[in-house]
Amino acid sequence: MGWRMVFAALISVLSSICASAQDLEPRVYSASPVGTTFLQIAYGRSSGDVVFDPTIPITNVEATLYSPTVGVSHTFGLFGRQTLFSAALPYVWGNVTGEVGTQSGKVHRSGVGDLRLRYAVNLHGSPALTPKEFARSRHSYILAASLTVQAPSGQYGDTKLINIGANRWALKPEAGFSYPVKKLDLDLYAGAWFFTANNNYYPGTTNRAQQPLTALQAHVSYTIRRGLWAAFDSTWYGGGDVQLNGGPGMNRQNNSRLGATVSIPLPARQSVKVAYSSGVSGTIGAKFDTVTISWQKIWFR
């Protein structure tokens, strides 16, 4: 097996690294008044080891990726419930190094990543309220549902073994539950990614399919004062077997991550959020340390 096979194995990892890092998000189903617009600019750095099946003679594989992201969200009312639509587009660049026997290699990539669209509706505990009504209301537990769509808009070439984009659609239905206990908020999310096939996998004639990837998140956050809060974050994801041209499944994942998030309020309805997460255990995939700093601005209609 040569260095070219290292690239082939890495493509499935790189296509999901930045997306997975962004999937550790506390208070994602929190209540907001309708007519609220959020603008967010984030910058993330992920670095660490990439783990393969021990039967594959690939060693010392490391990657460092940078991913600035621009996102916008807006809340509105639908059938009396608070709903939210958001869109985010990353730009990714970085390096990957590794060894196969006595061979070593390095690859650099940069380009636009895959667009993410998300629609969420709070089914209980967060009716559609104006800012004035929202300020007077008392908040109870929230039960919500969402659908995330990842579009194949990222940079991709079927003659390249490593790409920024995944060249496929991905859908993630999810259920979310948030329960307030005085200054604490307890969040639990359960969902699964479903993927279409990439029919132009390297060298352009290979069909690459992936089985569903189950994902669970749990968060405990504490409000220090209005707008200032900190959270402990955790996630587990498993499954996602990869098949080439209908062959047997491989690279099944069983991974977990832990992290922490701090949100700091700023004047003029702005805030800065700092998040850190690290891979705790994993069978296949990236055991990365990820740091993200984001700025957010809020407008009310």
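In what order do the three strands of the open sheet lie, and is the pairing parallel or antiparallel? The order is 9-10-13, and the pairing is antiparallel. Strands here are DSSP runs of E, at least two residues, numbered from the N terminus, and two strands pair if DSSP finds at least two bridges between them.

Before I go on, this is a predicted model: local features need pLDDT of at least 70, side-chain atom pairs count only at pLDDT 80 or more, and totals for chains, interfaces and linings use all residues. Residues are numbered from 1 along each chain as its sequence is written, and side-chain values use heavy atoms, with hydrogens and water left out.

Strand 9 (198-201) and strand 13 (242-244) are its edge strands, each pairing on one side only. Strand 10, residues 206-210, is joined to strand 13 by three bridges. Ala209 has Gln243 in strand 13 as its bridge partner.

Next, Glu174, in strand 7. Glu174 counts as buried because its relative accessibility is 11%; buried means under 20% relative accessible area, with a 1.4 Å probe and protein chains only. Its side chain makes a polar contact with the side chain of Lys172 at 3.2 Å, that is, a pair of N or O atoms within 3.5 Å, one able to donate a hydrogen and the other to accept it; residues adjacent in sequence count only if both atoms are side-chain atoms.

Last, Gly154, in the loop between strand 6 (142-150) and strand 7 (170-181). Gly154 is also buried, at 13%. Beyond four places in sequence, Gly154 touches Val112, Gly113, Asp114 and Gly165, where contact means heavy atoms within 4.5 Å.

Notes. Helices (H or I, at least four residues) and strands (E, at least two) are DSSP runs, numbered from the N terminus. Buried means under 20% relative accessible area, exposed over 50%, partly exposed in between (1.4 Å probe, protein chains only).
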